[in-house]
Amino acid sequence: EVIPHRRAAGTPRALAERAGRRCCLGWDFSTQQVKVVAVDAELNVFYEDSVHFDRDLPEFGTQGGVHVHKDRLTVTSPVLMWVQALDLILGKMKSSGFDFSQVLALSGAGQQHGSVYWKTGASLALSSLSPALPLHQQLQSCFSISDCPIWMDSSTTAQCHQLEAAVGGAQALSCLTGSRAYERFTGNQIAKLFQKNPEAYSHSERISLVSSFAASLFLGGYSPIDYSDGSGMNLLQIQEKVWSQACLDVCAPHLEEKLGSPVPSCSVVGTISSYYVQRYGFPPGCKVVAFSGDNPASLAGMRLEEGDIAVSLGTSDTLFLWLQKPMPALEGHIFCNPVDPQHYMALLCFKNGSLMREKIRDESASCSWNKFSKALKSTAMGNNGNLGFYFDVMEITPEIIGRHRFNAENMEVSAFPGDVEIRALIEGQFMAKRIHAEGLGYRVMPKTKILATGGASHNKDILQVLADVFGAPVYVIDTTSSACVGSAYRAFHGLAGGTGVAFSEVVKSAPQPSLAATPNPGASQVYAALLPRYSALEQRILSTAQRPLE
């Protein structure tokens with residue numbers, strides 16, 4: 001037996017090769033595609049493939065993998081499209097000569113919040129699959145809803161209000177479940193289904209998340225929901241890790257039995273269905289480790305540890321935090337941590353990301369990133385006390401729109417010189433991230449690493465400001481398949497014993513991120529003075545914006 005990580009005797013490569021290439025598979029059922037990677041015992045990715053819904057399954061008529069309904073609020077995806085995509089990708093692997101007999105375990109990720117409704121009798125169909133036929137032909141009549149609500153859906157405002165009112169308000173719900181009520185969160189989607197289509201609800205024997213649905217396909221039986229993805233439902237008490245009776249009662253009757261009991265994210269939920277053994281040649285002992293959400297799986301793929309923070313600098317900027325003692329708030333989301341059931345993770349999203357940076361580049365650096373970088377290099381840390389807020393679209397963290405500039409005396413001014421404007425934008429974006437992260441209970445620790453990904457992570461001068469504001473070193477990491485790779489890592493973790501073994505120990509031989517920036521001397525003093533000012537000015541803008549018109 002090849003030890004699937006480097007904890008004992010270094011797992012010599014020769015041994016692994018002699019036994020064939022023993023591996024774990026990581027799956028990602030995302031909005032636009034299903035993707036798979038194979039990761040060997042040395043934690044190298046040696047195979048990847050994908051099926052793109054719009055391109056490879058045009059008969060479902062999706063755009064971007066989804067159907068946007070006439071009301072522009074309801075957004076769904078066909079569940080059989082996901083099933084057929086799995087048939088396609090396994091077929092591609094088989095015809096490429098992939099050796100399924102070497103797969104020790106598999107795990108996966110699903111787009112968060114989406115829900116799948118299994119019709120009464122579906123478990124029988126799942127457990128008696130014929131290896132002669134593809135999955136989609138055998139599961140056609142297994143779903144009580146053919147189009148599943150997904151994370152882009154925002155049609156459940158009424159249900160959100162009902163849920164918050166029932167538990168004592170938004171903050172109370174956040175303390176209980178990690179987030180205030182959000183339209184895309186699964187509990188509110190289930191409540192809407194029960195109210196609008198009670199018949200389909202009563203004919204559903206099981207309700208899965210996209211992640212646990214995908215795991216169920218591999219198990220040939222219903223997979224439980226894991227704690228981490230279960231935290232994105234407005235239903236799980238994140239401290240006790242049990243369904244909240246109060247929330248279940250508001251949403252729909254008999255909901256607890258339709259959801260099943262949640263499990264730790266590193267649980268082995270069973271062995272692979274004999275369907276895959278006979279049709280593709282998987283070994284009968286291949287383990288299935290609980291699938292989780294794509295964001296939790298990315299946290300695993302980036303190998304975040306306690307005190308670390310990942311910053312994805314894209315169209316919108318997203319922060320992933322590792323938290324020990326969460327402080328749930330009205331913004332952001334707190335989930336159970338997918339690799340350490342004692343700890344938590346948080347997500348914060350900022351809408352004004354790369355488009356805002358490009359706009360200021362065009363206005364203040366004549367469309368040139370070179371000039372933009374020069375401006376950051378030529379201005380002092382702290383920008384001589386000049387602070388700026390740049391929200392051309394309505395921000396969600398916090399809810400502010402417009403541009404607001406303040407001089408060192410906290411007086412609002414109408415404009416800054418170009419180079420001051422550029423530093424004010426970048427410092428402001430990163431100070432906001434630190435302030436709101438700390439609002440959820442995050443603290444920078446001596447061992448903190450910041451992992452930067454996304455478009456702006458290629459700009460070393462932007463990363464220098466990030467290092468200075470947080471007072472921690474910044475590393476860059478390739479995250480093109482972080483949810484997939486994280487799922488394969490999680491499979492190795494489950495195989496190694498899950499909760500009893502440190503995830504960091506299992507993945508320590510994986511490729512290391514590369515150092516991009518370390519804080520300048522004196523940075524911590526500069527920003528220790530600026531951060532409280534920035535926070536107070538943000539509150540000032542908020543209160544002005546919320547003041548009723550005379």
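Trainee: How much area do domain 1 and domain 2 bury between them?
Mentor: In this predicted model, about 2300 Å², with 71% of that on carbon and sulfur atoms.

Trainee: And which residues in domain 1 lose the most area to domain 2?
Mentor: Leu 43, Cys 266 and Asn 295, which together make up 29% of what the domain 1 side buries.

Trainee: What about salt bridges across the interface of domain 1 and domain 2, how many?
Mentor: Zero by the rule. For polar contacts, though, the rule finds nine residue pairs across that interface, with both residues at pLDDT 80 or more.

Trainee: Remind me, where are the domain bounds?
Mentor: Domain 1 is 20–156 + 208–234 + 262–295, and domain 2 is 303–549. UniProt, in an unreviewed entry, annotates residues 147–301 as "domain: Carbohydrate kinase FGGY N-terminal". That stretch is 49% helix and 14% strand, and its end C-alpha atoms sit 30 Å apart.

Trainee: Switching topic: is Asn 459 buried or exposed?
Mentor: Buried, because its relative accessibility is 12% and the cut-off for buried is under 20%.

Trainee: Where does Asn 459 lie?
Mentor: In the loop between strand E22 (450–453) and helix H19 (460–470). A polar atom of the Asn 459 side chain is 3.0 Å from the backbone nitrogen of Ile 462.

Trainee: Which residues does Asn 459 touch, leaving out those up to four places away in sequence?
Mentor: Trp 369 and Ser 373.

How values were computed
Residues are numbered from 1 along each chain as its sequence is written. This is a predicted model: local features need pLDDT of at least 70, side-chain atom pairs count only at pLDDT 80 or more; totals for chains, interfaces and linings use all residues. Side-chain values use heavy atoms; hydrogens and water are left out. UniProt positions are given in the numbering used here, feature names are shortened, and annotations may be inferred rather than shown by experiment. Helices (H or I, at least four residues) and strands (E, at least two) are DSSP runs, numbered from the N terminus. Buried means under 20% relative accessible area, exposed over 50%, partly exposed in between (1.4 Å probe, protein chains only). A polar contact is a pair of N or O atoms within 3.5 Å; within protein, one must be able to donate a hydrogen and the other to accept it, and residues adjacent in sequence count only if both atoms are side-chain atoms. Contact means heavy atoms within 4.5 Å. Domain bounds come from an automatic or database domain assignment. Buried area is the accessible area (1.4 Å probe) that two parts lose on being put together, summed over both. A salt bridge is a side-chain nitrogen of Lys or Arg within 4 Å of a carboxyl oxygen of Asp or Glu.
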